[in-house]
Amino acid sequence: MAEEPENGGGRPEEKRSVEARLYQRLPDGVVQCRLCPHQCRLRPGAVGICRTRRNVDGRLIYQFYGAVSSLALDPIEKKPLYHFHPGKTILSLGSVGCNLRCGFCQNWEIAQAVDVPTRLVSSEEVVQAALELAEEGCIGVAYTYNEPAVGFEFVVDTARLAREAGLDNVMVTNGELEEEALRELLPLIDAWNVDVKALRRSATGSCAAGRWRRCGAPWRRRGGPATWR
Ligand code: SF4
């Protein structure tokens, strides 16, 4: 199965806007996002590095809740996971935005731009679609294609529903999440693919949008998700 986006953002933007869960308010209407290591401080009207979160009148708003740019039934090996339900498939969805700036990004059309066609879906619709694909080997939902971490609120809500429905959740991510967000996701995600984008600072510097020192810190401190369980 592969579906093309159909509405080009045709529904009102307000419908996909929700207040971010992880941020704090600072003086003069400034907000500070606490979702990823960038910790963007945003004046009213400003947008974060990921381009998905905006300060709207002193509140941090995630502007792409449920906005799906890509939806496909993929082999689990395409995530790529080789020892997790081999031979099965997984409903894979992507949205828009990313908190890195890798020059070699394969999915730059949706990761580095936000004016791309999207379809608005609910978490319930995603889970129902995954359940209906069971006969085609579907074992759950993968959050992938763009950086799913910047869609934290929708990923958490969908993963929670999927878990309740007996489905598995897979996260394909650059791992750039702060510890508070990781702790909320870890009990919900059954398998992680955390991509290391580069090993040298010279290469990673551009990926990390100039914030090399902070990136990956929660994972380095904890040694990866295996030690969190
Ligand atoms: S998710 Fe990261 S890049 Fe996006 S606004 Fe928050 S701190 Fe900035």
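Arg-51 is partly exposed, because 19 other C-beta atoms sit within 10 Å of its own. For the cut-offs: a residue is buried with 20 or more other C-beta atoms within 10 Å of its own, exposed with 12 or fewer, and partly exposed in between, with C-beta atoms placed from the backbone. Arg-51 belongs to the loop between strand 5 (41–42) and strand 6. Its phi is positive, about 70°, although Arg-51 is not a glycine. Most residues other than glycine have a negative phi, and most peptide bonds are trans.

Some ground rules before going on. This is a predicted model, where local features need pLDDT of at least 70 and side-chain atom pairs count only at pLDDT 80 or more, while totals for chains, interfaces and linings use all residues. Residues are numbered from 1 along each chain as its sequence is written. Helices (H or I, at least four residues) and strands (E, at least two) are DSSP runs, numbered from the N terminus.

Now for the whole chain. Its secondary structure comes to 6 helices and 14 strands, and 41% of the 229 residues count as buried. Take contacts (C-beta atoms, placed from the backbone, within 7 Å): among those between residues at least 6 apart in sequence, 67% join residues at least 24 apart. The mean pLDDT, which is the predictor's confidence in each residue from 0 to 100, is 86 for the chain, and 80% of the residues reach 70 or more. Over residues 1–11 the pLDDT is below 50, and beyond near neighbours in sequence this stretch has 15 contacts in the model. Residues 225–229 also stay under 50, with 5 contacts beyond four places in sequence.

Back to strand 6, this time as part of a sheet. Three strands form an open sheet in the order 2-7-6, with antiparallel pairing; two strands pair if DSSP finds at least two bridges between them. Strand 2 (18–19) and strand 6 (53–56) each have a single partner strand, so they stand at the edges and one side of each has no neighbour in the sheet. Strand 6 pairs with strand 7 (residues 59–62) over 4 bridges, and Arg-54 stands opposite Ile-61 in strand 7.

Next, the ligand. Residues around it (C-beta, placed from the backbone, within 6 Å) include Cys-33, Cys-36, Cys-40, Cys-50, Arg-53 and Val-150. By class, the shell has 7 nonpolar, 4 polar and 1 charged residues. Here Ala, Val, Leu, Ile, Met, Phe, Trp, Tyr, Cys and Pro count as nonpolar, Asp, Glu, Lys and Arg as charged, and the others, Gly among them, as polar.

Which residues of helix 2 (residues 123–132) are buried? They are Val-126, Val-127 and Ala-130. Seen down the axis of helix 2, these fall within an arc of 95°, so they line one face of the helix; the arc is that of the directions from the helix axis to the C-beta atoms. What covers them includes strand 10 (89–94), strand 12 (138–143) and helix 3 (152–164). Glu-124 and Glu-132, on the other side of helix 2, are exposed.

Finally, look at the loop between strand 9 (70–75) and strand 10, where Lys-78 lies. Lys-78 counts as partly exposed, because it has 14 C-beta neighbours inside 10 Å. Pro-80 is found in that loop too, and the peptide bond from Lys-79 to Pro-80 is cis, with omega near -10°. His-85 also has its place there, and its phi is positive, near 50°.

Methods:
Two residues are in contact if their C-beta atoms, placed from the backbone, lie within 7 Å.
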